[in-house]
Amino acid sequence: APLVLRLVAASVSVAEKAGAIVRNVFNSGELGVVEKDGKNDLQTQADRSAQECIVQSLSRQFPKVTIIGEEEPTGETVDESHLETRLSEEVLKVVCPQNLQSVKDEDVVVWVDPLDGTKEYTEGFLDHVTVLIGVAVNGKAVAGVINQPYYNYKAGPGATLGRTMWGIVGLGAFGVERLVPPADKRIVTTTRSHSNKLVTESIEAMQPDEVLRVGGAGHKVLLVIEGKAHAYVFATPGCKKWDTCAPEAILHALGGRLTDIHGNALQYHRDVKHPNTGGVLATYSDHDWYLSRMPESVKAAVKP
Ligand SMILES: Nc1ncnc2c1ncn2[C@@H]1O[C@H](COP(=O)(O)O)[C@@H](O)[C@H]1OP(=O)(O)O
Ligand SMILES: [Mg+2]
Ligand SMILES: [Mg+2]
Ligand SMILES: [Mg+2]
């Protein structure tokens, strides 16, 4: 199978394993919280172990592919029980889009967020948490895998906990379906733990009927895909490439759009700076309307 398909097939299995690690750490009660850059930039044992699971598992199978993860390696010996080397059969049976069939190792960067929504994880907003593995080819997000370890956790004992979604631009997405949001109101989603004046001003400018302040970039793009929100607006620099690569690819595969707040495409080549300094805007429709509403003062402060 072509490299991109094998990478996605491996990432689906690895993301499921990482999702199980995220649940196990929470069940253990030993979150091992470390402040990276103040109380709103945390790392837990789940971030560390899930990162090890993903980066070690993928780098052993794809030694020539560049893999960039959010967390620093711990330097401890690798826990072999965290490794996952199976390939998802569901992925291997699709036909790879023509333009991605002959991609070479050196054209690829894999962007890994082992746990997106760490702040919310430590506060028990468990469905805000996702595991994100994005595949970029020549600087563009082309494929993504999202595992949501606590999907359905409020649905009662009969419900299956957790889900995995994946998509390839030009092919489509699996494990998640596009649903249309209400036509009679405008619902905007944004950060709950990283807000500031720029965020507030830009949200107000969109004249929303409702604002969903929730955690996680992956989670918010899922709200847009599944019609719970019309737009995800984040007009400040805190989001990084590993936050957006996988969600962007899946949204794009389903016909949506993710750009910075000026309408520029995000870049994902290996030398790019990690912060999305131009902010994030994700929509299904009326993307240009949201861009046009963005205040000039916010645009001047949030430059790509
Ligand atoms: N100021 C920030 N400092 C650190 N991480 C941030 C910041 N703003 C956003 N992020 C990352 O982007 C994600 C989406 O932002 P938010 O949840 O605030 O909407 C966060 O869950 C966090 O990812 P992570 O949890 O993987 O560190
Ligand atoms: Mg983080
Ligand atoms: Mg993140
Ligand atoms: Mg993270």
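Which residue bridges the magnesium ion (ligand 4) and the magnesium ion (ligand 2)? Glu70 does, and the two ions lie 3.7 Å apart. This is a predicted model, where local features need pLDDT of at least 70, side-chain atom pairs count only at pLDDT 80 or more, and totals for chains, interfaces and linings use all residues. Residues are numbered from 1 along each chain as its sequence is written, chains are lettered from A and ligands numbered from 1 in the order in which they are written, and side-chain values use heavy atoms, with hydrogens and water left out.

**Magnesium ion (ligand 4)**

- Glu70 (OE), Asp113 (OD) and Leu115 (O) coordinate the magnesium ion (ligand 4) at 2.1 to 2.2 Å.
- Donors are N, O and S atoms within 2.8 Å of the metal (3.2 Å for Na, K and Ca); water is not among the atoms, so sites may look incomplete.
- The donor residues of this ion are spaced E-x42-D-x1-L in sequence.
- Helices (H or I, at least four residues) and strands (E, at least two) are DSSP runs, numbered from the N terminus.
- Glu70 is partly exposed, at a relative accessible area of 22%. Asp113 is buried, at 0%.
- Buried means under 20% relative accessible area, exposed over 50%, and partly exposed in between (1.4 Å probe, protein chains only).

**Magnesium ion (ligand 3)**

- Asp113 (OD), Asp116 (OD) and Asp243 (OD) coordinate the magnesium ion (ligand 3) at 1.8 to 2.2 Å.
- Along the chain, its donors follow the spacing D-x2-D-x126-D.
- Asp116 in strand E4 and Asp243 in helix H7 are 127 residues apart, a pair that links distant parts of the chain.
- Asp116 and Asp243 are both buried.
- The magnesium ion (ligand 3) is 5.2 Å from the magnesium ion (ligand 2).

**Helices H6 and H7**

- Helix H6 (residues 217–225) packs with helix H7 (residues 241–253) at an angle of about 15°, their axes 9 Å apart.
- Axes are lines fitted to C-alpha atoms, for helices over the stretch in contact, and angles run from 0 to 180 degrees between N-to-C directions.
- H6 is therefore roughly parallel to H7 (angles under 35 degrees).
- From H6, the contact (heavy atoms within 4.5 Å) uses Ala217, Gly218, Val221, Val224 and Ile225. From H7, the contact uses Asp243, Pro247, Ile250 and Leu251.

Methods:
Angles under 35 degrees count as roughly parallel, over 145 as roughly antiparallel, 65 to 115 as roughly perpendicular and the rest as oblique.
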